[in-house]
Amino acid sequence: MAKGYVGELSTHSRGSTVDVAIARADRNTAPKPACGVSDADTLDFGTGFDCFDPMSETAHRPLAGEATANRKRLVEAMRAGGFRNYPREWWHFTLEDEPFPKQRFDFPLTAD
C-alpha cells in the first residue's frame, strides 16, 4: 500500500475496473516475463500480471521484445471500448463512464 500498488479500498469493488491482457489465439508459448506470474497464452507485456514493480508501469522504457507494442495495443483496444488505463499497471483498466464512481460494494457473491 505504501508504494501505491495496492489500494486500501480497491476500485475493482465498484464493478467498473478490470485486469486484462491479450491472449494468444494460436496458443504459442510467450516469453518468460521479468517478474510476476507468467501466462503462456498471453502476449509478452514485459512483466507478468500483478507484478508490482516499476517495470509494470504502462509507459516504462526500455522494455525488451514486443512488450512496448503489446502494451500500446492493449491500451488502444481498451480505450476504444471506453476504458482508461491506470498508468502504474499495464493490465488495469477502469470504465470511463462509471455508473457508481464513488460507491464501493461489499457483499458476498454466491452461485445461487
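Me: Buried means under 20% relative accessible area, exposed means over 50%, and partly exposed is in between (1.4 Å probe, protein chains only). What is the relative accessible area of Arg 84?

Reply: A heads-up before the value: this is a predicted model, where local features need pLDDT of at least 70, side-chain atom pairs count only at pLDDT 80 or more, and totals for chains, interfaces and linings use all residues. Residues are numbered from 1 along each chain as its sequence is written, and side-chain values use heavy atoms, with hydrogens and water left out. Arg 84 is partly exposed, with a relative accessible area of 35%.

Me: Okay, and what pattern does the protein chain follow along the sequence?

Reply: Going by DSSP runs numbered from the N terminus (helices are H or I, at least four residues; strands are E, at least two), the protein chain has one helix and three strands. Read along the sequence, they give the pattern β-α-β-β.

Me: How do the strands go together: in which sense do S2 and S3 pair?

Reply: Two strands pair if DSSP finds at least two bridges between them. S2 and S3 form a hairpin with six residues between them, and in S3 the bridge partner of Arg 84 is Thr 94. S2 and S3 have three bridges, and the sense is antiparallel.

Me: And which residue in S3 is the bridge partner of Val 18?

Reply: Strand S1 covers residues 17-19 and pairs with S3 over three bridges, again in the antiparallel sense. For Val 18, the bridge partner in S3 is Phe 93.

Me: On to charges: which residue's side chain meets Lys 72 in a salt bridge?

Reply: A salt bridge is a side-chain nitrogen of Lys or Arg within 4 Å of a carboxyl oxygen of Asp or Glu, and the structure holds three of them. The N to O distance is 4.0 Å, and the partner is Glu 76.

Me: Why does Glu 76 count as partly exposed?

Reply: Lys 72 is exposed, at a relative accessible area of 53%. Glu 76 is partly exposed because its relative accessible area is 41%.

Me: Which residues do salt bridges with shared partners join into one network?

Reply: Arg 84 meets Glu 96 at 3.9 Å, N to O. That pair links distant parts of the chain, with Arg 84 in strand S2 (residues 83-85) and Glu 96 in the segment after strand S3 (92-95). Arg 84 also meets Glu 98 at 3.5 Å, N to O, and Glu 98 is buried at 10%. The shared partners make one network of Arg 84, Glu 96 and Glu 98.

Me: Last one: what share of the residues of the protein chain count as buried?

Reply: The protein chain has 112 residues. The share that count as buried is 29%.
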